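Welcome, and thanks for taking a look at this one. Please have the coordinates open in your viewer as you read.

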Amino acid sequence: MGHALHRLRMPESIVQLLQFTVRYVEVVEREFGRMRTAMRARGFVPGNDLHTYRTLGYALGMLLVRSLERSERVLYAMKCRGFVGRFHVIVELRFGMPDALLALLLSVPLAVLVLMEIRLGSAH
């Protein structure tokens with residue numbers, strides 16, 4: 001996805017932001033899952049009261065703090081590996097004859113499936 005956005009001439013900072021977001025959304029989600037488990041282990045039951053809103057606010061704040069700390073560790077690790085603020089595109093992608101043959105080869109079974117769906121769908 002990042003390579004495609006780069007080839008579409010999207011600004012490099014947006015491409016990097018989207019790449020990091022896609023990668024780390026799951027990490028933040030797992031961290032929040034651990035926090036929810038810890039809250040349940042302490043007997044927290046969400047409701048529609050001030051205590052619930054305050055507790056969820058503290059949890060969100062802690063999630064942001066942990067995410068910031070994690071991002072700093074990731075940045076240090078990337079710098080140790082030679083990251084200088086931009087991803088380098090190593091291979092230029094080109095649509096060639098093998099790609100065309102594969103597309104043609106895959107379009108035949110797809111067309112058969114579509115025709116079968118149309119014929120079987122109209123029978124019911």
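A residue is called buried when its relative accessible area is under 20%, exposed when over 50%, and partly exposed in between, with a 1.4 Å probe and protein chains only as cover. By that rule, the buried residues of α3 are Thr52, Thr55, Ala59, Leu63, Val74 and Met78. Before going further, please note that this is a predicted model, in which local features need pLDDT of at least 70 and side-chain atom pairs count only at pLDDT 80 or more, while totals for chains, interfaces and linings use all residues. Residues are numbered from 1 along each chain as its sequence is written, and side-chain values use heavy atoms, leaving out hydrogens and water.

**Overall form**

The protein has 4 helices and 0 strands, where helices (H or I, at least four residues) and strands (E, at least two) are DSSP runs numbered from the N terminus. Read from the N terminus, the order of elements is α-α-α-α. The C-alpha trace spans about 60 × 55 × 25 Å along its principal axes. How does the radius of gyration of the protein compare with that of a compact globule of 124 residues? The protein has 24 Å, whereas such a globule would be near 14 Å; the radius is taken over C-alpha atoms, and the globule rule is 2.2 Å times the number of residues to the power 0.38.

Of the 124 residues, 13% count as buried. Contacts (heavy atoms within 4.5 Å) tell another part of the story: among those between residues at least 6 apart in sequence, 62% join residues at least 24 apart.

**Surface and charge**

The protein exposes about 10600 Å², and carbon and sulfur atoms supply 67% of that area; the areas come from the Shrake-Rupley method with a 1.4 Å probe. There are 17 positive and 10 negative side chains, with the centres of the two sets 3 Å apart. Lys and Arg count as positive and Asp and Glu as negative, while His and the chain ends are not counted. Each charge is placed at NZ of Lys, CZ of Arg, CG of Asp or CD of Glu.

**Helix α3**

Helix α3 covers residues 50-80, which is 31 residues, and reaches 45 Å from its first C-alpha to its last, close to the 45 Å expected. That expected span is 1.5 Å times one less than the number of residues. What covers the buried residues of α3 includes α2 (12-41). Just after α3, Gly82 takes a positive phi of about 95°.

Ala4 lies in helix α1 (residues 2-7) and is partly exposed, at 44% relative accessibility. In the loop between α1 and α2 comes Arg9, whose phi is near 65°, a positive value in a residue other than glycine. Is Arg9 buried or exposed? Arg9 is exposed, with a relative accessible area of 73%.

**Pairs in sequence and space**

The table sets sequence separation beside C-alpha to C-alpha distance.

| Pair | Apart in sequence | Apart in space |
|---|---|---|
| Ala4 and Ser107 | 103 residues | 22 Å |
| Val74 and Glu12 | 62 residues | 19 Å |
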